[in-house]
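Me: I'm new to this one. Can you walk me through it?
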Amino acid sequence: MPSTTVRRKRRTPRVSTRIARTAVSTPASTMTEAVPSPWASVIRLRIAPAILLAVTTFFVYHDVVQHPFSNYDDGEYVVDNGNIHAGITRSSVRWALLSIEHANWHPVTWLSHALDWQLFGSVPAGHHFISLLLHVGNGALLFLFLAWVTRSIGRSLLIAALFALHPINVESVAWIAERKNVLCTFFFLLTLLAYAWYVRRPNVRRYLVFTAAFVLGLAAKPMLVTVPFVLLLLDYWPFQRIREWSASPVAGDLIRTPNLNASFTSARFPFWKLALEKLPLFVLSAADSFLTLIAQRRVDAIRSAVAFPFPLRLENAIVSYASYLWKTVCPTRLAVLYPFPTAGIPWWQLAPSAFLLMSVTMLVWRKRSRHAYLLTGWLWYLGMLVPVIGLIQVGDQGMADRYAYLPLIGIFLIVVWGFAESAEKIGTQVRWFLPTAALTALGILGVLTWRQVGFWRSNLDLWSHTAAVTENNWSAEDVVGSELLIQAVNSGAHSSNEAQIHFQRAVAINPKDSEAIMNIGADLQLHGQVGAALEKYKLALQYVQDDFLKTKILSDMGWAYEQLGQFLTARECYQKAMQMTERADPAAFVGFARTFTDEKIAALAQMLIGKPTAEGYLYLGQLQDEGGYTTAARASYQRALEMEPQLEAARVALAHDSNVQR
């Protein structure tokens, strides 16, 4: 029986007649709308969170716009800086490019202040507003960068929110003279974004773009000299460009955006090639570091090894690393100035700090393969603090909140990524806890930040808070005393007992505090104890280092010698003060001229004792008016009228002085 072949019909998929009819009858425009637009995803998952973060940050910080200039460098940087008042001109640009004032070369920062003055003048609200906008923009840029390179929207948003809302960063935003910090961070984040763009498709043009952003950042603040190392850390994680080093892949997220981020890939290279790639950046960093050292040495900003020995600086650096971490966790006693511990650091602070740093470093190194973000975040923190940790001591601070502005991003990355990974291991049943805990933490930080901003509402509030939350802070006591004294003088008083309490505290902490000693002397002089005041002035003169303060001490000494009738000695003090032409006290010029009048007054008064005349007392009154002794002048005019009631010149002068007195 012949074999037969049974052919099976190929079954073709059939579309439902109803669906097919619907597809045919549906207009093309309607079908297009059914497909989600990539731009819609970008707006929903990138732009919208960035705007939300920006609005929240602005709301928390908005009170800062109502605050005045502070008395902590704002005057020297902006208010009293004639180069800034010129605005953006050819001469001001030239000055900014060549200036190394305040121990730094930062022309971009100078020009930003000049532009502010050109726009807003002496109104502090405008200057504060620009600093706040920069901080708001920095938070948004940080989110956009992290979301792009890690493919994790939720985690990136939380890291950026911690950065934007943490109270330790208030100093960088509320202090106008610290514009350089928020400005250099702005260019730093642009550098990271441009570098990520370069990593996607390396070429010369993209390389030049991120290098230009880096140069602008250096020209805003030299703290960015560590950026080449940061880029190498990013090459390790999350870019994974280093061929020899294995790194864990970037973890997922509760909010996944594969269509937007899955294409972020980069080729791998040997480490030496990536280091060589950064060589021009290292050269720029070295050049900027060298220029900064020259600037700091020229203005004697670097403290001597005698006053700040290197072992003590190293101990302070170790404790500061740990202290920044503690203030990140518990940001409740933040101050504008933490005094350097010149008396030494107790072992019970140094030992735990060193142990903490070594333990975390060892843990991070052991976990580097499976949790690569730990190594990137920790070295980011350690490395970015190196230029400001105090190994080269500039100024009298032991540490400063503003120095943590950039380094703590590494810690925020570790905390958020580690917390998210731990929660994922526990299971999906606790996923609801993640946003709740994050929002609670951000809410607490937002309240603390709003409170910290409030301390900047006045100089007295700022420094009173600083004196209250720090120990042995003679500088803070000085400023509080000065502010109380200014308030007393403005209200018509000549002295303030409350201010003197703070000056006495400052001297008790630092017996060589020339400013406090000078103010104590001024109070003694106002109470008629001129001899005791002179002794204080002479003591202050032995310890003073600031030229401007020295001119004030010399002026006060001149005034004391005037009161004692030693006009030649008074004139010598005023002359010494006037020789410091750069920052001479204006009172020195007035006092110097007054000494000649004082001599005439003394000679004429002596003559009138033996031979009193109405005309003589009239001339004496005129000399006393010229010297500013209004009360004594009135007495002379009255004596002249008693001797000759018809002396019209004396009557007119007396009436004029009476009107002035009222």
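Me: At what angle do helix α27 and helix α28 pack?
Reply: About 165°, with axes 8 Å apart. Helix α27 covers residues 547-563 and helix α28 residues 567-579. Helices here are DSSP runs (H or I, at least four residues), numbered from the N terminus. This is a predicted model: local features need pLDDT of at least 70, side-chain atom pairs count only at pLDDT 80 or more, and totals for chains, interfaces and linings use all residues. Residues are numbered from 1 along each chain as its sequence is written, and side-chain values use heavy atoms, with hydrogens and water left out.

Me: Which way do α27 and α28 run relative to each other?
Reply: They are roughly antiparallel, a label for angles over 145 degrees.

Me: Which residues of α27 meet α28?
Reply: Among them are T551, L554, M557 and W559. Partners in α28 include F567, C573 and Y574. Contact means heavy atoms within 4.5 Å.

Me: New topic. How many cavities of 30 Å³ or more are there?
Reply: The count is 3. A cavity is a set of points on a 1 Å grid over the protein atoms alone, where a 1.4 Å probe fits but cannot get out.

Me: What lines the largest cavity?
Reply: 13 residues do, each with an atom within 4 Å of a point. A335, V336, D401, Q452 and W456 lie nearest its centre.

Me: Which helix gives the largest share of that lining?
Reply: α22, with 3 residues. α10 (170-174) and α22 (459-469) each supply at least two.

Notes
Axes fitted to C-alpha atoms, helices over the stretch in contact; angles between N-to-C directions. Parallel < 35°, antiparallel > 145°, perpendicular 65-115°, else oblique. 1 Å grid on protein atoms, 1.4 Å probe; cavity = no way out; pocket = protein on both sides within 12 Å on 5 of 7 lines; lining within 4 Å. Points joined across faces, edges and corners; volume = space filled by probe spheres on them.
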